[in-house]
Amino acid sequence: MSTVTKHVLVAGGGVAGMEAAGALAELGHRVTLIEKDQKPGGHLKQWHALFPDRRPADEVRKYLSRRIDNRNIKLFTGVSVEKVKKQGHDLHIELSDGSALTADAAIIATGFDLFDARRKEEYGYGIYDNVITSAELEDMFNAGRITTADGRKPSRIGLVHCVGSRDEKVNNNHCSKVCCVTAVKQAVEIRQKLPSCEVFCFYMDMRMYGPYYEELYRESQEVHNVNYIRGKVSEASANINNRLVIKVEDTLAGRPLRMELDMLVLMVGMEMSQAGTRLAEASALGMGINRFLETGDHHYGNNLGHVKGLFYAGTCTAPMNITDTISHARAAVTETVRYLTTR
Amino acid sequence: MKGSTGNRFGFTVNRSRLIDYDASDRLVRDYVTLREPSFRLCFACGGCTATCTAGQHAPFNLRRMNTFIRRGEIEPLREEVTRCMLCGKCLLVCPRGVNTRNVVSVAAEAIKKLDRNEL
């Protein structure tokens, strides 16, 4: 086994980037970790608790912080990777602050952006105060206060699945995978924190694909009395009492349904990040029809880019949960090390 | 059609509630699919029905109508196609981009042809 130290660039300091950087550093490689925000941690920074077990997100944040606490890692924040170019055996990397560096290999881990809910204007985000996103509900959980915009305790909250996912109207035909179980998790949390508040999930399909997701779904019904209505919400408006009114078809009853709510939570999906898109376009990396990075082979090569020495980790390739993101990052490290030791 | 035997013997036989897929008629489905291929994309979310003006007051349900067409359930479809006002609001919400309004028009056309033995 080669013990020659190599230099690897990791673009993006979220879950995937931190895990990849940590694993590479552990193997003795020199890592430059580039994060566009002021602090690493990605979207996890905002999250209060994680599905399916509702453990504090802080536990995973702490794990990742320990992971990158390694003298082989140089972390730069507030700067992003703008372009990656093959130069002989090396990769030439340009950063947003105008500087450049050279690496033996690079892992792209630029992650995802949450769907901008204003693009689904019919749901009234940015128009009605009490229409919020799933991420903003996490803010409320963090603050320990779930209230309407005027400070009242909500008595009924609706959660809308598939906002910005599985929707041709916003050019996202893909499923974001994690929103269904996030909705169930948040519904349970609301019921625990506000036992007198009714909670309704409006879903098209319940995609409980991961371990213990279906169990959480069951628990939400059995223990927490969360209500599920099968139908896509078509619009939200406000009535004279300033309560929200939604329209949906109760497809299982086969009749249109109208309901007043104090708060509407939009389960926003995942899109390829803007920073990742910029990098992909500048570096001529292929993107799939879902606009995430296209991998070398979606069965057995989904960490491989089309440029030798360039690897992908995490949600820059497709929506995935934290468990899968960490596994994907580790797999990217395996591919990277194989490349560095055999080229 | 397995219908009532009338009341000559003092009792009736209930019509079967089965969707008898092998006995049903899918000529209408084939006609609609050919002329409005986006029809196949419906995943039954009900967004169309939720926003439908006709459906607020009359028993019209576009999502259910699609299922009737798919299953070859012609009898309930006959009434369904007459209730749509063709306003097209459903087109604006459909997340699968189904040309919903045209599905209704084409289905109505198919039923007329079916009755004239032209399908």
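# Chat about a two-chain predicted model

Biologist: Is Lys177(A) buried or exposed?
Modeller: This is a predicted model, and in it Lys177(A) counts as buried, because 20 C-beta neighbours lie inside 10 Å. The cut-off for buried is 20 or more.

Biologist: Where does Lys177(A) lie?
Modeller: In chain A, the loop between β12 and α4 holds Lys177(A).

Biologist: And what is the phi of Lys177(A)?
Modeller: Positive, about 70°, although Lys177(A) is not a glycine. Most residues other than glycine have a negative phi.

Biologist: What about Asn171(A), where does that one lie?
Modeller: Asn171(A) also sits in the loop of chain A between β12 (156-163) and α4. Its phi is positive too, near 60°, and Asn171(A) is not a glycine either.

Biologist: Is Asn171(A) buried or exposed?
Modeller: Asn171(A) counts as exposed, because it has 12 C-beta neighbours inside 10 Å.

Biologist: Backbone again. Is the peptide bond from Phe51(A) to Pro52(A) cis or trans?
Modeller: Cis, with omega near -5°. Most peptide bonds are trans. Pro52(A) is in a loop of chain A, between β3 (49-50) and β4 (55-56).

Biologist: Let's zoom out. What does the domain assignment give for chain A?
Modeller: Domain 1 is 7-111 + 273-342, and domain 2 is 117-270. The contact between them takes 13 residues from domain 1 of chain A and 18 residues from domain 2 of chain A.

Biologist: How do the residues on the domain 1 side divide?
Modeller: On the side of domain 1 of chain A that touches domain 2 of chain A, six are nonpolar, five polar and two charged.

Biologist: And what separates the two centres?
Modeller: 31 Å, taken over C-alpha atoms of domain 1 and domain 2 of chain A.

Biologist: How many helices and strands are there in chain A?
Modeller: Chain A has seven helices and 20 strands.

Biologist: What does the C-alpha trace of chain A span?
Modeller: About 65 × 35 × 35 Å along its principal axes.

Biologist: What share of chain A counts as buried?
Modeller: 46% of its 343 residues. As for contacts in chain A with a separation of 6 or more, 67% join residues 24 or more positions apart.

Biologist: Now the cores. Which residues have the most contacts inside the largest nonpolar core?
Modeller: Leu159(A), Leu264(A), Leu266(A), Met267(A) and Ala107(B), in a core of 71 residues. Helix α4 (residues 179-193) of chain A gives the most to this core, with eight residues. There is also a second, separate core of 50 residues, with Ala23(A), Ile108(A), Ala313(A) and Leu340(A) included.

Biologist: Back to Ala107(B). What is Ala107(B) in contact with, leaving aside neighbours within four places in sequence?
Modeller: Val28(B), Val32(B), Ile69(B), Leu77(B) and Val81(B).

Biologist: How many residues of chain B are in contact with chain A?
Modeller: 18 residues of chain B, against 15 residues of chain A. Helices α2 (47-51), α3 (53-57) and α4 (62-71) of chain B each give two or more residues to that side of chain B. α2(B) gives the most, with four residues.

Biologist: How does that side of chain B divide?
Modeller: Seven residues are nonpolar, eight polar and three charged.

Biologist: Strands next. Why is β1 of chain A largely enclosed?
Modeller: Because five of the five residues of β1 (residues 7-11) are buried. Both faces are covered: His7(A), Leu9(A) and Ala11(A) are on one side, with Val8(A) and Val10(A) on the other. In a regular strand the side chains alternate between the two faces of the sheet.

Biologist: How many bridges join β1(A) to β2?
Modeller: Five, and β1(A) and β2 (residues 30-35) of chain A run parallel. Within that pairing, Ala11(A) stands opposite Ile34(A).

Biologist: And in what sense do β7(A) and β8(A) pair?
Modeller: Antiparallel, over four bridges. Leu101(A) in β8(A) is the bridge partner of Ile93(A). The two strands form a hairpin with four residues between them, and Gly98(A) in the turn has a positive phi of about 90°.

Biologist: Is Asp97(A) exposed or buried?
Modeller: Exposed, because Asp97(A) has 11 C-beta neighbours inside 10 Å. Asp97(A) lies in the loop between β7 (90-95) and β8 (100-103) of chain A.

Terms used. Residues numbered from 1 in each chain as written. Chains lettered and ligands numbered in written order. Predicted model: local features only at pLDDT ≥ 70, side-chain atom pairs only at ≥ 80, totals over all residues. Domains from an automatic or database assignment. Contact = placed C-beta atoms within 7 Å. Nonpolar A, V, L, I, M, F, W, Y, C, P; charged D, E, K, R; others polar. Core = buried A, V, L, I, M, F, W, Y, C linked by C-beta atoms within 7 Å. Pairing = 2+ DSSP bridges.
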